[in-house]
Amino acid sequence: MTAPLVVFFVLAGLAVIGAVSLILQKHPIHSALSLIVVMIALAGLYLLLGAEFVAAVQIIIYGGAIMVLFVLVIMLLNAGVEEHTSISKMAGAPGLLLVVALAGLVAATIVRSTDSVLSTSQAGDMSSTLEISNMLFKDFVYPFELTSFLILVAVLGAMVLAQREKS
Amino acid sequence: MVPTNYYVILSAILFGLGVFAFVFKRNIITIFMSIELMLNAVNLAFVAFSQALGKLDGQVFVLFVIVVAAAEAAVGLGIIILIARNRQTLNVERVDLLKL
Amino acid sequence: MNSFLTTNAELLITLVKIALLLFIVLTVNAYLTWFERKVVAHMQSRWGPHRVGPHGLLQPLADGVKFLFKEDPTPAGVDKFVYYLAPLLALALALTGIALIPFGPDPIRLFGHDIYLGIAPPDVNIGILALFAITAMGVYGVALAGWSSNSKYPLMGGLRSSAQMISYELALTMSVVGVLLMAGSFNLKKIIEAQGHHPEWGILGWNIWPQILGFFCFFVAAIAETNRAPFDLPEAESELVAGFHTEYASFKFAMFFIAEYTSMITVSCLCSIMFFGGWLSPFPASWTFTHYFPSAILIPFGVWVIWDGLRYETIFGRIILPGMGTAIAGLGAVLVLLPGVNLFIQGPFWLLLKILIFLFVYVWMRGTLPRFRYDQLMSFGWKLLLPLSIVNVIVTSFVILAKMTWGAK
């Protein structure tokens with residue numbers, strides 16, 4: 001039981017507990033907090049994989065911007081506790097079985113096909129930030145510019161949607 | 001070191017939980033959050049494979065996925081606010097008719 | 001026992017460093033409140049706390065005892081989990097930020113281990129980015145506190161405050177990009193070393209000269225980010241009762257308080273590291289006589305404290321103050337006599353001096369400037385600060401490109 005393995009199981013357990021809590025909580029704000037826990041656990045896993053820049057970006061953008069947006073919208077809309085209808089309670093158990101089957105199928109397919117690729121130890125002399133930025137601005141410059149355009153469109157769209165009605 | 005398979009299995013579990021939440025929750029915001037959970041599970045698989053293969057393409061793709069998720073969250077939440085304003089409910093089972 | 005110590009040495013050293021830094025940061029917070037009250041009072045031609053111990057130095061202790069013993073009511077109808085989580089989150093995030101800051105360049109060699117000054121190891125390649133990640137998460141403390149209090153004024157204060165923090169976060173991160181372009185790394189140690197590239201330039205090599213616009217944007221955005229005056233509308237008393245922490249009583253309010261002051265300290269550390277040379281001395285490196293500067297400040301200050309203490313009105317002051325003065329002067333004398341320690345203490349001394357200067361500027365701005373109105377605040381952040389920081393990035397990139405194209409000047 002080496003140290004990375006222990007850290008992996010702790011973070012993985014945290015992520016799964018967060019995801020299960022997202023499903024089981026009744027109030028959307030508690031679901032949002034559970035999702036934040038999942039994202040922080042995933043950022044820890046990215047650090048364990050040596051992807052430090054992606055981990056920092058995950059916390060800043062996902063944890064610090066997107067989830068803040070979710071939390072603010074939940075507060076503004078004054079979302080209350082969820083109601084339960086009879087159909088959803090009945091469909092819960094078979095649904096869970098089917099989801100387990102789906103997840104198991106996905107996992108088994110990938111695990112079989114990669115012949116258990118052991119993770120190679122990355123001896124990174126340059127930091128991953130430098131290499132990622134090299135790739136981003138040389139090989140992937142066209143998608144990069146397109147995503148900036150996409151964000152512009154999203155900002156304009158959000159502003160139009162949130163306008164007050166002209167009455 | 002942690003074998004890549006462990007990361008893939010964790011990613012599949014999180015994805016499955018995201019699908020379950022997407023299908024069985026009734027609050028529109030919680031459904032939206034389950035979409036983010038699914039995207040995160042996929043990101044984990046990308047980064048795990050990027051480390052296993054020794055190339056950084058996976059991490060660059062994760063950055064793009066995060067950016068697209070941010071844009072989608074902004075517009076999606078705007079739409080949710082409008083729906084809540086018009087129908088006065090956040091329960092998707094009540095928003096199933098075009099008629100108000 | 002011995003083998004346990006040797007195998008887990010790094011872990012134990014880190015735990016001891018964490019405990020020590022926690023204690024130091026909490027004490028500095030407490031005395032920062034004293035410092036603020038004294039300075040603002042003297043700016044307003046009054047004395048501030050001066051009864052509870054000599055020169056009011058025991059006032060933070062009295063405040064702490066008050067916070068512990070005051071009644072801690074929980075309002076009805078609050079969401080209990082979120083209500084208790086919010087101040088914890090704010091405090092934990094603020095204290096985590098301090099862990100990433102390096103306080104000195106050289107390690108102490110003890111029992112064969114290098115002990116660096118600062119909890120994070122010096123090769124954290126994403127130093128600044130991690131600090132911004134922690135700052136970005138700090139919005140949650142405010143937003144959740146405002147929402148969970150089940151009351152209108154905290155909700156309004158929390159929403160306004162979190163909107164303010166998110167808006168100024170953009171300007172904060174953009175204004176730092178100029179420094180990062182010049183240093184070529186996110187690592188805080190490398191940023192300081194890039195400023196010390198020409199040791200003969202001393203103060204002229206610091207980042208403040210090429211990045212004056214970036215410094216202005218960063219400092220103003222940081223004040224707005226930490227909800228301090230003049231950007232403290234969401235927690236001002238005359239506006240929204242007390243904003244997002246209205247419904248929080250003694251100890252939970254103290255946690256928000258400590259979180260705010262700790263983030264003030266973190267921002268001061270960042271300003272001094274990124275723009276003012278960190279642990280570099282303002283004098284050129286060849287002026288080795290300036291190594292006696294710390295002693296030259298400490299010994300006269302200690303002597304003045306002794307002299308002032310001997311004339312103090314209360315007997316308690318006449319004992320305590322000369323004791324403190326002797327300790328300070330003794331420290332200065334020890335530095336003169338032990339040249340190895342003196343050389344080691346140069347870096348941390350200059351960093352601490354710069355941090356103190358920035359904390360004074362923070363308190364000065366609180367005592368002097370009037371508050372922004374909320375719409376003025378938002379338009380200032382989006383329409384002035386963000387474009388200015390983007391202009392800074394563009395100009396810096398062009399200058400660096402010109403330097404690269406036409407050879408190093």
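**Entry 1: domains of chain A.** I looked up the domain assignment for chain A and found domain 1 (1-82) and domain 2 (130-167); such bounds come from an automatic or database domain assignment. I then checked their C-alpha centres, and those of domain 1 and domain 2 of chain A are 24 Å apart.

**Entry 2: ground rules.** I noted that this is a predicted model, where local features need pLDDT of at least 70 and side-chain atom pairs count only at pLDDT 80 or more, while totals for chains, interfaces and linings use all residues. Residues are numbered from 1 along each chain as its sequence is written, and chains are lettered from A and ligands numbered from 1 in the order in which they are written.

**Entry 3: who touches whom.** Which chains share the most contacts? Of the two pairs in contact, I found that chains A and B do; a contact means C-beta atoms, placed from the backbone, within 7 Å. Chains B and C do not touch, and I read 14 Å between their nearest C-alpha atoms.

**Entry 4: chain A with chain C.** Here I counted 15 residues from chain A and 16 residues from chain C. On the chain A side, helix α3 (residues 52-77) gives the largest share, twelve residues; helices (H or I, at least four residues) are DSSP runs, numbered from the N terminus. I sorted that side of chain A into ten nonpolar, four polar and one charged. For this sorting, Ala, Val, Leu, Ile, Met, Phe, Trp, Tyr, Cys and Pro count as nonpolar, Asp, Glu, Lys and Arg as charged, and the others, Gly among them, as polar.

**Entry 5: a helix of chain C.** I followed α7 (residues 152-183) of chain C, which has 32 residues and reaches 47 Å from its first C-alpha to its last, close to the 46 Å expected. That expected span is 1.5 Å times one less than the number of residues. I also found a kink of about 30° in α7(C), centred on C:Val177; the bend is the angle between axes fitted to the seven residues ending there and the seven starting there. After α7(C) comes C:Gly184, with a positive phi near 80°.

**Entry 6: two helices crossing.** My last stop was α9 (residues 212-225) and α14 (residues 374-405) of chain C, whose axes come within 9 Å and cross at roughly 145°. Axes are lines fitted to C-alpha atoms, for helices over the stretch in contact, and angles run from 0 to 180 degrees between N-to-C directions. Among the residues making this contact I noted C:Cys217 of α9(C) and C:Leu385 of α14(C).
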